[in-house]
Each structure stands twice: as structure tokens, then as C-alpha cells.
Amino acid sequence: MKAFFLLIGTLLSVPAFGQLKMVGPDYERPPVNLPEKFKNIAWREATPSAHLPKGEWWKVFRDPTLNGLLDRATRNNQQLKAAIARFDQARTTARMSKADLLPKLGLPLSAEQQRTSANMPSPFPLDGLRYDGPAYNALMDFSWEIDLWGKIRRTVESDEANAIAAADAVHNVLLGIQAELASTYFQIRATDAEIAIVREAVGLRGEALKIARARVLAGSANDLEQAQSETEVATAEAEISVLQANRDRLENALALLVGENASSFSLGANHSGLPGPPKIPTGFPSDLLERRPDVAAAEQQLAAATARIGVAEAQFFPSISLLGNGGFQSGDLDILFEPASLMWTYGPRVRIPLFSGGKDRYNLSRSHALHDEALANYRQAFLTAVADVENSLSGLRHLSKEADALGRARGSATRAAQLARTQYEAGAAPYLDVITANRTALNTQ
């Protein structure tokens, strides 16, 4: 009895068992190959900042329609709601794990019909006596596993890391939805601009067809020129149908992103053109790596896998639980709560692992393999992040040069088309030159 209370007093004197041993490795951030700099961009060492708010970055485009669509997507997107639900699951699991550190109390009440064995072990001869009748129990159960080796604390550590990873995954899904929605929206606006250009081309080619017909009637042109002109008009009209079908597909994709029915969703056309991409602030590329939630989530999954190694190692050590129950037990309900019906038991239970058929060893081996997988995934996430930033910077740099060159080409192609038409109307050039120049101008636009 004294030894039992001494054990309880010793354990209670250690605040939250914080000084008890925890087997298994403590998590440390693994080294990664940090680039000295991005290509043509100054680099500084990144400090993870995925927890910081990302801000309403899309507002730099100053497009009220885009702002409204993104607000609707944040409220209604089903993928985002599923990610939030997964975070709620992970957070609840972590809270459940913490509850295992505390004692458990229960009040099982039972009323049953019981028959004891006449041959049951007894300190005195039963001579065939047995009990056959009701049994009433009003007992309180107590159990408390002492976390000597950190098995429960490592489980809490793992589940908390998984909860943080799930929170980072929510931010990752949200950013992905926002980026995809903005990209789809600008594709629709680009398609609107293309449709406007092709419709303008249909009008210009329609005027050329009228001129060709007039020249044929006047005898200054042949039927071939008229047929060629009719072909150009029909080809441009067919291109409008192709572009409109593509716009419909993009519009349906946009409806899915905002969480609405594609049959009832519509986005009006806008032919006012697209804004240019904003300038990248100095030092921003390294900030991109710091704030990426996919890298942060991968690191938290690695931390969770590290803690699980400690859980597996703790299975090799003895476990101690404090057990007890007490209350009233009687064969007659009327005297159940009398002092004579009082009974109790208490004491420690020690479980010493002796043989498990290799299960514990295999479980530890699996935990190490899961850790290695999480480590590889973390490093892959970091490499992917660096590659994404490089691709984005390269795209901005080269697409800007391409846009300048195509702008000059568009001006030249437009002038060439005008010259070809003027020369054709003056009879100085064949209609084939007009067709070629118009096609070049349209494709460049």
C-alpha cells in the first residue's frame, strides 16, 4: 500500500510528465540544397513563413469581376470545403491524443441475471453451493496509463504535426483555387479579345468579298478571286465557332471553381483587353519559397513521421497502468447502497512485452521507411518550389520580350494587309497577296 501511494505521489510531482524519458528521435529540420541565387535574381536564405496571410493578391489587376468571382470561390468551392473538413479531422485527432495523457473514469451500472459455478475455486468447500439470481453493480472504474517512455506524447506530437500540415494543405488548396480561377478568367478574357479580332476580320473580309463580286461583275476580276474571298469569310466565321466553344468550356470550368452549377452560370463578354502583369518586387522570389504552404505541409508531415518512430520504439518497453474500481455490489436491489455492499479493488498493472512474432520490430522498420518517404517528399517539395519560381521568372522575362516583338509584328502585319488590299483594289497585286497578308495579320493579332 505504501509503495503504491509513493508511486502515485512521485508521478504527480512531475508536471505533465515533462521530465519522463521519451524514446525516439526529436525532429530537426533536414538540410536541403539551397541555391546561391535564382537565375539572374539575387537570393537570400529563406525562412519558412507559410503561416503568414497571403493577402488578396489578385486585386493588383483592379478587376471588380475577378474580385467577385474569387470571393464566391472562397465561400463555395467544394474542394476547399473538403480540405477544411480534413483539417477539422486532423485537429480533432490531435485533441483526442492529448486526452490519453489523462486518467479515465467511468461509471458502469449493470443489472444482470447471474449463475456461479458450483466448482469455482474457493478458500472453503462449496459442497455444490452456487449463486443463481440477480446481480446489481454500481461501480466506478479508474484507469491511467503512465507515459514512462513517451509513447503517448510522441503520438500527440505526431498528430499535432499532422494537424498543422492539414492547415497548410488548406492554404495550399485555397491558393491553387485562386490561381486557377484567375488563370481561367484571364483565358476567357483573352478568348473574348480573340473573338472580337476574328469578328473584325469577318467584317473586313466581307467588305473584300463585296469588292471582289463588284470586280467580277465589272469584268476586271475572275470567279477564282470571288471564290477565294468567300473561302476567307467562311474560314473566319468557322474560327469564331471554335473560339466560342473553347470559351464555353472555360466558363464551365470557372463555374466549377466558384462552386456553382455550370448550367446556370454565365460570364458576360468583355472586349476591353487584358491588363499587363504586375512588376515583381525586389527580393520577392525568395519570399515565394518562404510562403509556400506545400513546402510547409511536407515538413510537418516529416515531423509527424519522426514522432511515429518514437511511438514504435516505445512498444519495446514495459508499460504501467494504474487501475481501480469501487462501488456497490449486491444480489438485492433494496440493499445495493448499504455499507455492507461496498467493494473496491486497485493496483498497478505492468505489461512486459515478451513475444509478438516480430510485429513490434516490423512496425519500427515500417516507421523508419515512412520517415524516409516523408523526408524524400519534403526535399522534392522544396526542389519543386525552386523550379516553379524559376519557371515563373523565366516566363515573365521571356514572355515580356515576346510580347514586345509580337507587338511590332502586329503593326507590320496590319500595314502589310492594308497595302496588299490597296494594291489589289488598284489592280497592282493579285488577290492571293491579300489573302496571305490578312491571314498573317489575323494570326499575329
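This is a predicted model: local features need pLDDT of at least 70, side-chain atom pairs count only at pLDDT 80 or more; totals for chains, interfaces and linings use all residues.
D159 touches A90, T93, A94, S97 and R308, leaving aside residues up to four places away in sequence.

D159 itself is found in helix α4, which covers residues 151-218. Is D159 buried or exposed? Its relative accessibility is 6%, and because buried means under 20%, D159 counts as buried. Its side chain also has a polar partner: the side chain of R308, with which it makes a polar contact at 2.9 Å.

Now turn to helix α3, residues 78-99. In α3, the buried residues are L80, A83, A90, A94 and S97. Looking down the axis of α3, you will find these buried residues within an arc of 100°, which means that they line one face of the helix. That face packs against α2 (64-76) and α4. A90, A94 and S97 are buried in α3, and they are also among the residues that D159 touches.

Finally, have a look at the N-terminal end of α3, which is capped by N77. A side-chain oxygen of N77 lies 2.9 Å from the backbone nitrogen of Q79.

Note on methods:
Residues are numbered from 1 along each chain as its sequence is written. Side-chain values use heavy atoms; hydrogens and water are left out. Helices (H or I, at least four residues) and strands (E, at least two) are DSSP runs, numbered from the N terminus. Buried means under 20% relative accessible area, exposed over 50%, partly exposed in between (1.4 Å probe, protein chains only). A polar contact is a pair of N or O atoms within 3.5 Å; within protein, one must be able to donate a hydrogen and the other to accept it, and residues adjacent in sequence count only if both atoms are side-chain atoms. Contact means heavy atoms within 4.5 Å. The expected span of a helix is 1.5 Å times one less than its number of residues. The arc is that of the directions from the helix axis to the C-beta atoms.
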